[in-house]
Amino acid sequence: MTEANRILLGVNIDHVATLRQARGTRYPDPLKAALDAEEAGADGITVHLREDRRHIQERDVRVLKEVLQTRMNFEMGVTEEMLAFAELIRPAHACFVPETRQELTTEGGLDVAGQEARIRAAVERLARIGCEVSLFIDAEPQQIEAAARIGAPAVELHTGRYADAHTPAETARELARIRDGVEYGLSHGLIVNAGHGLHYHNVEPVAAIPGMHELNIGHAIVAHALFVGFKAAVQEMKLLMVGAASRR
Ligand SMILES: CC(=O)[C@@H](O)[C@H](O)COP(=O)(O)O
Ligand SMILES: NCC(=O)COP(=O)(O)O
């Protein structure tokens, strides 16, 4: 494998916690899922500590930080509460995401262009504890330009619209938007990741995009794990991604 066709998988374990929180039980344990994912070849573990604590809890994040062999990607809203928590936990990576309480799942990208000063200050604050911040944005030129302008090292392009596309033409259009976004991000010196709504049937074209660094995938892996087990679900996803990236 060369540097040009290397791709990383960040496994999002939020949805293991969703199942646990639904009953208020101690199981299934997202920590076990994280360790199994690492053994199966995950390059990192992603968790989103939502303001409403609907899935991942603070304790999960604390313990994960102690036990992970790879690295934590801490998804967070850009709030004082989350920034202070991140400073306590000191994750290797954080990803700033937009958040509303009513949404079923993360609906759009962060509006970096509309709040540059606030987001620049937050990126700088976490850089001071050695945390590399990525910004979860739509693949739009003005958002990519703003991310580069404020000095964020990385972006994660929101693939939700691609995943939700209903026709082949719509899918092709959304894929082209992501491909253009990767190219534009790279030309601005950014590390470019992507994620949201990716699954076993739509991941390959995204993994095949030249320059794509990492994909963060959760819901589909957790769902597939019900039938094949967590390690097998992670392995299958990684194989698809690596295969697609090798054809770049
Ligand atoms: C930002 C993002 O895409 C992830 O946080 C993912 O959305 C997690 O699932 P929920 O949106 O259901 O919390
Ligand atoms: N940032 C995207 C992510 O972590 C996983 O999203 P999903 O695969 O659970 O939709």
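Trainee: Which residues does UniProt list for "active site"?
Mentor: The unreviewed UniProt entry lists His48, Glu75 and His196 under that feature. UniProt positions are given in the numbering used here, feature names are shortened, and annotations may be inferred rather than shown by experiment. This is a predicted model, where local features need pLDDT of at least 70, side-chain atom pairs count only at pLDDT 80 or more, and totals for chains, interfaces and linings use all residues. Residues are numbered from 1 along each chain as its sequence is written, while chains are lettered from A and ligands numbered from 1 in the order in which they are written.

Trainee: Where does UniProt put "binding site"?
Mentor: The unreviewed entry places that feature at Asp14, His15, Arg50, His55 and Thr105. They gather at one spot, because no two of their C-alpha atoms are more than 12.2 Å apart, even though they span 92 residues in sequence. His15 has its place in helix H1, residues 14–23.

Trainee: Nice. Which residues surround ligand 1?
Mentor: Asn12, Asp14, His48, Arg50, Glu75, Val97, Thr105, Thr106, Phe136, Gly195, His196 and Gly218. A residue is near a molecule or strand if its C-beta atom, placed from the backbone, lies within 6 Å of it. The shell around ligand 1 divides into two nonpolar, seven polar and three charged residues. For those classes, Ala, Val, Leu, Ile, Met, Phe, Trp, Tyr, Cys and Pro count as nonpolar, Asp, Glu, Lys and Arg as charged, and the others, Gly among them, as polar.

Trainee: What about the residues around ligand 2?
Mentor: There you find Asn12, Thr46, Glu156, Gly195, His196, Gly197, Leu198, Asn216, Ile217, Gly218, His219 and Ala220. Strand E8 (214–217) and helix H10 (219–228) each supply at least two residues of that shell. Its classes are three nonpolar, eight polar and one charged.

Trainee: Switching to helices: at roughly what angle do the axes of H10 and H11 cross?
Mentor: Roughly 125°, and the axes come within 7 Å. Axes are lines fitted to C-alpha atoms, for helices over the stretch in contact, and angles run from 0 to 180 degrees between N-to-C directions. H10 and H11 are therefore oblique to each other. Angles under 35 degrees count as roughly parallel, over 145 as roughly antiparallel, 65 to 115 as roughly perpendicular and the rest as oblique.

Trainee: Who makes the contact of H10 and H11?
Mentor: Ile221, His224, Ala225 and Val228 of H10, with Phe230, Ala232, Ala233, Val234 and Met237 of H11. Two residues are in contact if their C-beta atoms, placed from the backbone, lie within 7 Å. By class, this contact has eight nonpolar, one polar and no charged residues.

Trainee: How do H2 and H11 cross?
Mentor: The axes of H2 (residues 30–39) and H11 (residues 230–246) come within 8 Å and cross at roughly 45°. That makes H2 oblique to H11. Ala33, Asp36, Ala37 and Glu39 of H2 make the contact with Phe230, Lys231 and Val234 of H11. Those residues divide into four nonpolar, no polar and three charged.

Trainee: Last one: which residues in H2 and H3 meet?
Mentor: Pro30, Leu31, Ala34 and Leu35 in H2 meet Asp60, Val63, Leu64 and Val67 in H3. This contact has seven nonpolar, no polar and one charged residues.

How values were computed: Helices (H or I, at least four residues) and strands (E, at least two) are DSSP runs, numbered from the N terminus.
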